[in-house]
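Here's a quick briefing on a protein chain, meant to be read with the model open beside you. Have a look at the fold before going through the notes below.

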Amino acid sequence: MKKQILTMLALVAVLSSCSSYSYYAVSNKKLTANYRTYAWLPEGKSKASNIYDNDIAADKIVEAASTELENRGFKLDNNKPDLLLRYTAVVNRETKSYNEPMYYDAPGRFVPRLGVHRGRAFYYYAYRDPFPVYVGSEQRTLRVKQGSIMIDLIDRKTSKVIWRGWAEGELDNPEKAIAQLPKVIEHIFKKLPV
């Protein structure tokens, strides 16, 4: 039983550490019962760059966001919606700095020792391998691709953004980034106050 619990905890820890995205949301007013329908703005109003600038990525973003909104009780209405949706998906090249610890690893060597056996002292040599000693850190800079996906909910009557949710993370594989879009959108909408 303990083994199963430990295995489950390890699995949860591994799966939770796999998400390389950070999720955020801001809102300037509460989503009330006045908002029940939504529609997507025309594609020219939504922006995508680099790896997200294709029909497959756009379809995944729209499908995932629509599914999340419908799960929360919103209905698609292209004629007279309460909310308008748009997305922004951008990939930028950035540099990140890391401080890597540096250690001095002294070489192992034979050192003389004094031993006592049956009351008599004798000398012998023993191999000594000392522990590494921390001596500071070295700063390294790497060029990484930083991606962000942003979803805006806009009040149709006032044309103001009332909620914005977004995810940011490092992208190392474009194919994997597009495949993860539905999961990323789902996590963004977990921040939606409904």
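In this predicted model, Y38 stands opposite L76, a residue of strand β4.

- On one flank, β2 runs parallel to β4 (residues 75–76), and two bridges join them.
- β2 also pairs with β5 in the parallel sense, this time over three bridges.

**The chain overall**
- The protein chain has four helices and nine strands.
- Going along the sequence, the order is α-β-β-β-α-β-β-β-β-β-β-α-α.
- Of the 194 residues in the chain, 30% are buried.
- Take the contacts between residues at least 6 apart in sequence: 78% of them join residues at least 24 apart.
- The chain's accessible surface is about 13,600 Å², and carbon and sulfur atoms account for 53% of that.

- M102, Y104, V133 and V135 together make a nonpolar surface patch of about 380 Å².
- Two strands, β5 and β8 (133–155), each supply at least two residues of this patch.
- V133 sits in β8.
- V133 counts as partly exposed because its relative accessibility is 45%, which falls between the 20% and 50% cut-offs.

**D105, out in a loop**
- D105 lies in the loop between β5 (83–104) and β6 (109–117).
- With a relative accessible area of 53%, D105 is over the 50% cut-off and therefore counts as exposed.
- Leaving aside residues up to four places away in sequence, D105 touches P130 and P132.
- D105 and P132 are 27 residues apart in sequence, yet their C-alpha atoms are 4.4 Å apart in space.

Note on methods
Residues numbered from 1 in each chain as written. Predicted model: local features only at pLDDT ≥ 70, side-chain atom pairs only at ≥ 80, totals over all residues. Heavy atoms only, no water. Buried < 20%, exposed > 50% of the residue type's maximum accessible area, 1.4 Å probe, protein only. Contact = heavy atoms within 4.5 Å. Areas by Shrake-Rupley, 256 points an atom, 1.4 Å probe, with all protein chains shown as cover. Patch = residues over 30% accessible without salt bridge, like charges linked within 9 Å, V, L, I, M, F, W, Y side chains within 5 Å. Salt bridge = Lys/Arg side-chain N within 4 Å of Asp/Glu carboxyl O. Pairing = 2+ DSSP bridges.
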